[in-house]
Amino acid sequence: MSHIFRNPSVRTSLAAGLALLAAAFPPPAFAAEPGNGNGKTTVVFVCLHGSVKSQMAAAHFNRIASERGLPYAAVSRGIEVDASIPTRIRDGLYLDGLAPTDDIPIGLTADEAGRATVVVAFDAVPEERRGTSEVTYWSDVPPATKDYVAARDVIVRHINTLVPTLVSTAPVGETLRGVVASVNERNDSITVRLSPSGVDGDFRVQDGLVFDAVRYGDQIEFTVLVIDGAKTIVQIRKE
């Protein structure tokens, strides 16, 4: 057979064929990890074993964030991690069209907690694991292994309350778009219904002349900086 591959025309044909195969079957695309330069910020959900409520919360949060076009990604973490995720939780997520964020639960580190945008816990987080973060506790979620649906509904309700607070917290220098929902000259602020999420965000106005430039219902693009701890519009234009 070796004499066949020494034939230049055969080698050329084989190379062309391999190139066509490579184009037809590209390598699989892997999802970018949150916080690794993909422009997303991380929300960390924590439960004792990292295998039940935190997995549910991370999966449902990522679904909601994706549906609303939000630049956030959630991960699931544990304190005393299990070796696997219970079948009942996998099945419940599967019926919701979702999957656990990890095949094997992962433990929380103080460094990861400190770098997170938000840390939400269902069980106590030891001080040495929380780093510099402030932990928000959702302590009213019922046992998910006994009643997945009841636990899921409470978790999703909490997520829907959490999301607007994240959306309105604009990163420094971020350019946003939306529709002016209200104008409050007395408080030097405007409310913008952000695109594409549809969530209202409140912003301080640095220059009072903005009130002469925009009105309720205007479609705008604007740049936000955090000044004196407040999200402040420093540049704005109507679209």
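**Figure 1. Phe203 and Phe222, a buried edge-to-face pair in a predicted model.** Phe203 has a relative accessibility of 1% and counts as buried. Phe222 is buried too, with a relative accessible area of 0%. The ring centres of Phe203 and Phe222 are 5.1 Å apart, and the planes make an angle of 70 degrees. Phe203 belongs to strand S7 (residues 200–205) and Phe222 to strand S8.

**Figure 2. Phe122 and Trp138, an aromatic pair between two loops.** The ring centres lie 5.9 Å apart. The planes stand at 80 degrees, over the 60 that edge-to-face requires, so the pair of Phe122 and Trp138 is edge-to-face. Phe122 sits in the loop between S3 and H6, and Trp138 in the loop between S4 and H7. The pair therefore ties together parts that are 16 residues apart in sequence. Both residues count as buried: Phe122 at 8% relative accessibility, Trp138 at 7%. Ring pairs extend the picture to a cluster of Phe45, Phe61, Phe122 and Trp138. The structure has four aromatic pairs by count.

**Figure 3. The largest nonpolar core.** This core holds 33 residues. Phe45, Met56, Phe61, Ile89, Phe122 and Trp138 touch the most other members. At least two residues of the core come from each of these elements: strand S1 (41–47), helix H3 (53–67), strand S2 (72–78), helix H4 (87–95), strand S3 (118–121) and helix H7 (148–167). H7 gives the largest share, nine residues.

**Figure 4. Surroundings of Phe122.** Which residues are in contact with Phe122, leaving aside neighbours within four places in sequence? They are Phe45, Val46, Cys47, Lys53, Ser54, Ala57, Trp138, Val141 and Ile155. Two of these partners, Phe45 and Trp138, also belong to the ring cluster with Phe122.

**Figure 5. Ser133 in the loop between H6 and S4.** The loop runs between helix H6 (127–130) and strand S4 (135–137). Is Ser133 buried or exposed? Its relative accessibility is 14%, under the 20% cut-off, so Ser133 counts as buried. The side chain of Ser133 reaches the backbone oxygen of Arg130 at 2.5 Å. Ser133 also touches Ala113, Gly114 and Val119, with residues up to four places away in sequence not counted.

**Figure 6. The hairpin of S5 and S6.** Strand S5 (residues 174–184) pairs with strand S6 (residues 189–194) in the antiparallel sense. Six bridges make up the pairing. Ser182 has Thr191 in S6 as its bridge partner. Four residues lie between the strands of this hairpin. Asp188 takes a positive phi near 50 degrees.

**Figure 7. The salt bridge of Arg152 and Asp96.** The side chains of Arg152 and Asp96 meet at 2.9 Å, N to O. Arg152 lies in helix H7, whereas Asp96 lies in the loop between H4 and helix H5 (110–115). The pair therefore ties together parts that are 56 residues apart in sequence. Asp96 is partly exposed, with a relative accessible area of 24%. The whole structure contains twelve salt bridges.

**Figure 8. The salt bridge of Asp140 and Arg157.** The N to O distance between the side chains of Asp140 and Arg157 is 3.9 Å. Asp140 is in the loop between S4 and H7, and Arg157 is in helix H7. The two are 17 residues apart, and the pair links distant parts of the chain. Asp140 is partly exposed at 43% relative accessibility. Arg157 is partly exposed as well, with a relative accessible area of 48%.

**Figure 9. The salt-bridge network around Arg177 and Glu221.** Glu221 and Arg177 meet through their side chains at 2.3 Å, N to O. Glu221 lies in strand S8 (residues 219–227) and Arg177 in strand S5, 44 residues apart. Glu221 is buried, with a relative accessible area of 15%, whereas Arg177 is partly exposed, at 40%. Which residues do salt bridges with shared partners join into one network? The members are Arg177, Glu221, Arg237 and Glu239.

Terms used: Residues numbered from 1 in each chain as written. Heavy atoms only, no water. Core = buried A, V, L, I, M, F, W, Y, C linked by side-chain atoms within 4.5 Å. Buried < 20%, exposed > 50% of the residue type's maximum accessible area, 1.4 Å probe, protein only. Contact = heavy atoms within 4.5 Å. Polar contact = N/O pair within 3.5 Å; in protein donor to acceptor, adjacent residues only side chain to side chain. Pairing = 2+ DSSP bridges. Salt bridge = Lys/Arg side-chain N within 4 Å of Asp/Glu carboxyl O. Phe/Tyr/Trp six-rings, centres within 6.5 Å; stacked < 30°, edge-to-face > 60°.
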